[in-house]
Amino acid sequence: MLFLPSEIPREPSAAPICSAPSFYGAGAELGILGPGWIASQFATSLKELTKSKLAAIGSRTLARSEDFARTYGDDGTRAYGSYAQVLEDPAVDVLYIAVPHSGHADLALQAIAAGKHVLVEKPLGLNAQQSAQIVQAAKAAGVFAMEAMWSRLLPIGNVVSQVIASGMLGQIITVQADFGAKFPVDYESRIYDPALGGGALLDMGIYPIAFSAMVSPAKQLLHASGRLAKTGVDASFTAVLANEDGSTATVFSSIETESPQSVWIAGTEGTLELQRPICCGSGLVLRSADGNIVDSREFTETSPAAGLGWEAAHVAQCIADGLAESPVMPLAQSLAIAQTMDEIAARLRA
């Protein structure tokens, strides 16, 4: 039988992996850097699903911050016309960094230097070097740091982790994961801009790569090929990863075509299928080794807002528990994912 999130055993001292937001008793005063779409989803979840508060919002223009604060904050939310003012706000405990990819590392390092805990939108940095700088700085400063892989905090992510850990699939043989979506062909947009970290790999491909890392983290790149857009960003790619035990993972991602957006994990004792979309699947199907359905489960919590709410609550609880990193999205795994993406990017441009 597939586990329900409420049925999953936890060590008394462990931070919760995923549960209803009410399970988390802690709250925090959060500041947001970058009032874009993902920040609006985060702020909405913060207000509706957690005990944390939006203390401050920072943008390069005061008008955008004021509009964001009116829409998503409360009477106590402070609007600033610069990122530096949020960093200097003594009441802010945690900073959620939601600017374009190219700004993640610089702002994360500034926030850590200011003594703030950080939740950095994925990818943690543009490359493994930037990601390592963030991790090293956070550890040296003794502050909490986490890559915002919000899909890990949804109930379906919790159940997948527990099914894998239970061994019910037997020895893992292969993982197949894809995430492709057709974006408008606009060479002036962020998704096609190499200076802003555009392309499929950092925006979409990180999801199947991170899923592969969760199932079996020690993988090496065997093959990567794909298509580059005329701006130089990767438009589509396929990569094959392998472990020393012979198990493999095949990942596909694209910004120029729609894909099934699903995951299939095959083991010696069974298979687990995660139904569309990969980032926040709507259902799981467990099959026995002979292909018969053993169990299945549907999930209603599939929106980014739900995942971001659990993520925010999880971060607050981790900090309250004195943790320097998340047991759900550990920093070592973020570094491994960044290294894999670097290797894929190098192969695509060779």
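Tutor: Begin with a term: a crossing is left-handed if the near helix is turned anticlockwise from the far one by less than a right angle, and right-handed if clockwise. Keep in mind that this is a predicted model.

Student: Which hand does the crossing of α1 and α2 have?

Tutor: Where α1 passes α2, the crossing is right-handed.

Student: How is a packed pair of helices described?

Tutor: Two packed helices are described by the angle between their axes and the distance between the axes. For α1 and α2 the angle is about 35 degrees, and the axes are 10 Å apart. On the α1 side the contact is made by Ala39, Ser40, Ala43, Thr44 and Lys47, and on the α2 side by Phe68, Thr71 and Tyr72. Sorted by class, these are 4 nonpolar, 3 polar and 1 charged residues.

Student: At what angle does α1 pack with α8?

Tutor: Helix α1, residues 37-49, and helix α8, residues 304-320, pack at about 65 degrees, with their axes 8 Å apart. The crossing of α1 and α8 is right-handed. From α1, the residues that meet α8 include Trp37, Phe42 and Leu49, and among their counterparts in α8 are Pro304, Leu308 and Glu311. The residues of this contact divide into 10 nonpolar, 3 polar and 1 charged.

Student: Which residues of α1 are buried?

Tutor: A residue is taken as buried when its relative accessible area is under 20%. In α1 the buried residues are Ile38, Ala39, Ser40, Phe42, Ala43, Ser45 and Leu46. Their cover includes β1, β2, α2, β4, β5 and α8. As for the helix itself, α1 has 13 residues and reaches 18 Å from its first C-alpha to its last, close to the 18 Å expected at 1.5 Å a residue.

Student: What is the order of strands in the open sheet of 6 strands?

Tutor: The order is β3-β2-β1-β4-β5-β6, and the pairing is parallel. At the edges are β3 (78-80) and β6 (145-148), each of which pairs on one side only. Direction ignored, neighbouring strands of this sheet are turned by 20 degrees against each other on average. Helix α4, residues 104-113, packs on the sheet and touches β1, β4 and β5; the direction of α4 makes about 170 degrees with that of β5. Within the sheet, β2 and β3 pair in the parallel sense over 3 bridges, and Ala56 stands opposite Arg78 in β3.

Student: How many strands does the open sheet with mixed pairing have?

Tutor: That sheet has 8 strands, in the order β8-β9-β10-β7-β11-β12-β13-β14. Its edges are β8 (220-228) and β14 (293-298); each has a single partner strand, so one side of each is left without a neighbour in the sheet. From one strand to the next, the twist averages 10 degrees.

Student: How should I think of the side chains along a strand?

Tutor: In a regular strand the side chains alternate between the two faces of the sheet. To trace the pairing in this sheet, take strand β13, residues 283-288, which pairs with β14 in the antiparallel sense over 5 bridges. Val285 has Ser296 of β14 as its bridge partner, and Leu286 has Asp295. Strand β12, residues 270-274, also runs antiparallel to β13, joined by 5 bridges; there Thr271 is partnered by Arg287 of β13.

Student: Which residue takes a positive phi in the hairpin of β13 and β14?

Tutor: Gly291 does, with a phi near 95 degrees; this hairpin has 4 residues between the strands.

Key:
Residues numbered from 1 in each chain as written. Predicted model: local features only at pLDDT ≥ 70, side-chain atom pairs only at ≥ 80, totals over all residues. Heavy atoms only, no water. Axes fitted to C-alpha atoms, helices over the stretch in contact; angles between N-to-C directions. Helix = DSSP H or I, 4+ residues; strand = E, 2+ residues; numbered from the N terminus. Contact = heavy atoms within 4.5 Å. Nonpolar A, V, L, I, M, F, W, Y, C, P; charged D, E, K, R; others polar. Expected span 1.5 Å × (residues − 1). Buried < 20%, exposed > 50% of the residue type's maximum accessible area, 1.4 Å probe, protein only. Pairing = 2+ DSSP bridges.
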